[in-house]
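Have the viewer open while you read.

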Amino acid sequence: MKASKQRILLLGPPASGKGTQADHLSRAFGIPHVSTGALLRSECARGTPLGLEADSWTSRGLLVPDELAVRVITAWMAGNGPRFLFDGFPRTTVQAEHLDKALDAANTPIELVIFLDLSESEIHRRILDRLTCAACGTTFGGSLHGMKIGDACPSCGGDLIRRNDDTEEALSERLRVYRESTLPVVTYYRKKNPSIFHRVDAGEGSDEIFQKLSALVSADKG
Ligand code: AMP
């Protein structure tokens, strides 16, 4: 499929399907999918100082400091072209302002902002049922797919695990942080760029959402 939009932000609460949709869009349109959460988890798995510092925040359901998140995304942008689908970045208005400044300086502004909105009861249900492949990062609804921790990932054979922040305790903290720090980012882009901002109901089926998002990515305008 042909993408009209080359620089896209996917915003939304935990378990709103940002990662899954970004993955599908990336495959369909050939735009790189960049998840700051996944970049940080990979740093942590490799035991780098940055990864270990990040883990001390993420395992408690807290955001890593802005400086660290901006460092990770700046390193990615330095090694890649001006095309991306950001999933999980920016998560604070400070990060959004950093990003806009860097993109404005390069004359490559954001072209599409998608807000995947989901009720808190559905977030709880999905997160506490979520299994993640330790190797490829694909996520599955455990009860929906009849899977449990330790099963083999159907995509790559890796181990299915429960992320250390997909627990009741970390989730209530993540939701508090989401309301306090990330919802303001949604308001920031809705006010700053209303013509490229789109809210999509993340409670709908994954295929319907993908159709809607694909239409937005391929549309010539807005
Ligand atoms: P995610 O995989 O997007 O759910 O992110 C997992 C965790 O990584 C979050 O709960 C944060 O601790 C951290 N993280 C990911 N992206 C950011 C960001 N842009 N700013 C701060 N922390 C982040």
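Ala-15 is buried, because its relative accessible area is 11%, which falls under the 20% cut-off. Keep in mind that this is a predicted model.

- Ala-15 sits in the loop between S1 and helix H1 (18–29).
- Its phi is near 70°, a positive value in a residue other than glycine.
- Setting aside residues up to four places away in sequence, Ala-15 touches Leu-118, Ile-123, Arg-126, Ile-127 and Arg-130.
- Arg-125 is 110 residues from Ala-15 along the chain, yet their C-alpha atoms are 9.3 Å apart.
- Two of those contacts, Ile-123 and Ile-127, turn up again in helix H6 (residues 120–129), where Ile-123, Ile-127 and Asp-129 are buried.
- An α-helix has 3.6 residues a turn, so residues three or four places apart point the same way.
- The cover over the buried residues of H6 includes strand S5 (130–133), strand S6 (139–141), helix H7 (142–145) and H8.

**Ligand site**

- The ligand is surrounded by 16 residues, and the closest are Thr-36, Thr-58, Leu-62, Gly-88 and Gln-95.
- Helix H2 (residues 36–45) gives the largest share of this shell, with 4 residues.
- Sorted by class, the shell holds 6 nonpolar, 5 polar and 5 charged residues.
- Arg-41 puts a polar side-chain atom 3.0 Å from an oxygen atom of the ligand.
- Val-64 takes part through its backbone, with an N or O atom 3.1 Å from a ligand nitrogen.
- On its own the ligand has 480 Å² of accessible area, and the protein covers 95% of that.

**Glu-43 in helix H2**

- Glu-43 also belongs to helix H2.
- Its side chain makes a polar contact of 2.6 Å with the side chain of Thr-48.
- Leaving out neighbours within four places in sequence, Glu-43 is in contact with Thr-48, Leu-50 and Gly-51.

**Nonpolar cores**

- In soluble globular proteins, nonpolar side chains tend to be buried together.
- Here the largest nonpolar core has 29 residues, and Leu-9, Phe-84, Phe-86, Leu-99, Ile-110, Val-113 and Tyr-189 have the most contacts inside it.
- At least two residues of this core come from each of strand S1 (7–11), helix H3 (49–58), helix H4 (66–78), strand S3 (84–87), helix H5 (93–105), strand S4 (112–117) and helix H8 (168–192).
- H4 supplies the largest share of this core, 6 residues.
- Phe-86 touches Ile-8, Leu-9, Leu-10, Val-34, Ile-73, Trp-76, Met-77 and Leu-99, again not counting residues up to four places away in sequence.
- There's also a second, separate core of 24 residues, with Ala-3, Ala-22, Leu-171 and Phe-210 among them.

**Backbone details worth a look**

- The peptide bond from Phe-89 to Pro-90 is cis, with omega near 0°.
- Pro-90 is in the loop between S3 and H5.
- Asn-107 has a phi near 60°, a positive value in a residue other than glycine.
- Asn-107 is in the loop between H5 and S4.
- Buried or exposed: which is Asn-107? Asn-107 counts as exposed, because its relative accessibility is 67%, over the 50% cut-off.

Notes: Residues are numbered from 1 along each chain as its sequence is written. This is a predicted model: local features need pLDDT of at least 70, side-chain atom pairs count only at pLDDT 80 or more; totals for chains, interfaces and linings use all residues. Side-chain values use heavy atoms; hydrogens and water are left out. A nonpolar core is a set of buried Ala, Val, Leu, Ile, Met, Phe, Trp, Tyr and Cys residues joined through side-chain atoms within 4.5 Å. Buried means under 20% relative accessible area, exposed over 50%, partly exposed in between (1.4 Å probe, protein chains only). Contact means heavy atoms within 4.5 Å. A residue is near a molecule or strand if one of its heavy atoms lies within 4 Å of it. A polar contact is a pair of N or O atoms within 3.5 Å; within protein, one must be able to donate a hydrogen and the other to accept it, and residues adjacent in sequence count only if both atoms are side-chain atoms. Accessible areas come from the Shrake-Rupley method with a 1.4 Å probe; for residues, only the protein chains shown count as cover. Ala, Val, Leu, Ile, Met, Phe, Trp, Tyr, Cys and Pro count as nonpolar, Asp, Glu, Lys and Arg as charged, and the others, Gly among them, as polar.
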